[in-house]
Amino acid sequence: MIFLIVFGGLMLILGGFYLANSWQQYREWKGGTIIVVLSLAAVIYGVINLPAFNRSKQHSSSEAQSSQVTSNSGSMSSFSNKANISSGTGSASQENKEMAILRQLQKGYSKFGDVSFDSKTKTYKVTPTDDDTVNALKQLAQDPSQAEQMGWSKLTSSFKKNSKDIDKAIGDDYSLSIMNPADDSQAMYTAKNGKTTYDIANQ
């Protein structure tokens, strides 16, 4: 391909001179124009088919495809990543630790929904606000048998892991719940100490 590019480039230069000379002396442009166009086409074809160009093109294509797969995946499974919960609360009071965990959960689930803390039941409640997720959970609440095809297990698995992280960070009396977006007083899933205590899909 490099040879084709070099040869095409030389032909392009010579064709340009030939076209200019033909037009000045004979007012003839067809022959020179054909040479210039063919040479230009050869150069473009050679550049497009260079290995380095193709690798760059394939890399961009694979990134675009990966992005598309992510955006088209199930609305619930796309939030299966864990929130970043750290235990770096030092000697702070238990209340301060609870609020620190709340802030971390709010940050981690900012795209998923709102997070609140019920100090009486020691429960962190996550209420989905994302439109696609809200619609999916409303359907799940009406028909729990759809749980598997909706990717419910991926979502609950991440909540279970976050529950275990909360346990390590501030103690074993705290629960983490996914609330029903249609009725935020009802939990659809609850985990405590890294173990599931309630799952609407198993009822």
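**Entry 1: Gln146**

Helices here are DSSP runs of type H or I with at least four residues, numbered from the N terminus. The model I am looking at is predicted. I looked up Gln146 and found it in the loop between helix H5 (131–142) and helix H6 (147–150). Is Gln146 buried or exposed? Its relative accessibility is 18%, and buried means under 20%, so Gln146 counts as buried. I then checked what Gln146 touches. Leaving out residues up to four places away in sequence, I noted Gln139 and Leu140.

**Entry 2: the whole chain**

I noted 7 helices and 5 strands. Along the sequence, the pattern reads α-α-α-α-β-β-α-α-α-β-β-β. The chain has 203 residues, and 33% of them count as buried. The accessible surface is about 12,600 Å², and carbon and sulfur atoms hold 52% of it.

**Entry 3: confidence**

I checked the pLDDT next. The chain mean is 75, and 58% of the residues reach 70 or more. Which stretch has pLDDT below 50? I found residues 57–81 there. Beyond near neighbours in sequence, this stretch still has 21 contacts in the model.

**Entry 4: the sheet**

I traced the strands. The 5 strands form an open sheet in the order S1-S2-S3-S4-S5, with mixed pairing. Which are the edge strands? They are S1 and S5, and each pairs on one side only. Ignoring direction, neighbouring strands of the sheet are turned by 30 degrees against each other on average. I also found helix H7 (residues 152–170) packed on the sheet. H7 touches S2, S3, S4 and S5, and its direction makes about 70 degrees with that of S4.

**Entry 5: strand S3 and its partners**

I stayed with S3, which covers residues 175–180. S3 is mostly covered, with 6 of its 6 residues buried. With S2, the pairing is parallel and has 4 bridges. Lys125 has Ser177 in S3 as its bridge partner. With S4, the strands run antiparallel, and 6 bridges join them. How many residues lie between S3 and S4 in their hairpin? I counted 2.

**Entry 6: two positive phi values**

I looked at backbone angles last. Most residues other than glycine have a negative phi. I found two residues with a positive value. Lys122 is not a glycine, yet its phi is near 55 degrees. Where is Lys122? I found it in the loop between strand S1 (113–118) and strand S2 (123–128). Its relative accessible area is 29%, which lies between 20% and 50%, so Lys122 is partly exposed.

Asn193 also has a positive phi, about 60 degrees, although it is not a glycine. I placed Asn193 in the loop between strand S4 (183–192) and strand S5 (195–199). At 28% relative accessibility, Asn193 counts as partly exposed, because it falls between the cut-offs of 20% and 50%.

Conventions
Residues numbered from 1 in each chain as written. Predicted model: local features only at pLDDT ≥ 70, side-chain atom pairs only at ≥ 80, totals over all residues. Heavy atoms only, no water. pLDDT = per-residue confidence, 0-100. Contact = heavy atoms within 4.5 Å. Buried < 20%, exposed > 50% of the residue type's maximum accessible area, 1.4 Å probe, protein only. Areas by Shrake-Rupley, 256 points an atom, 1.4 Å probe, with all protein chains shown as cover. Pairing = 2+ DSSP bridges. Axes fitted to C-alpha atoms, helices over the stretch in contact; angles between N-to-C directions.
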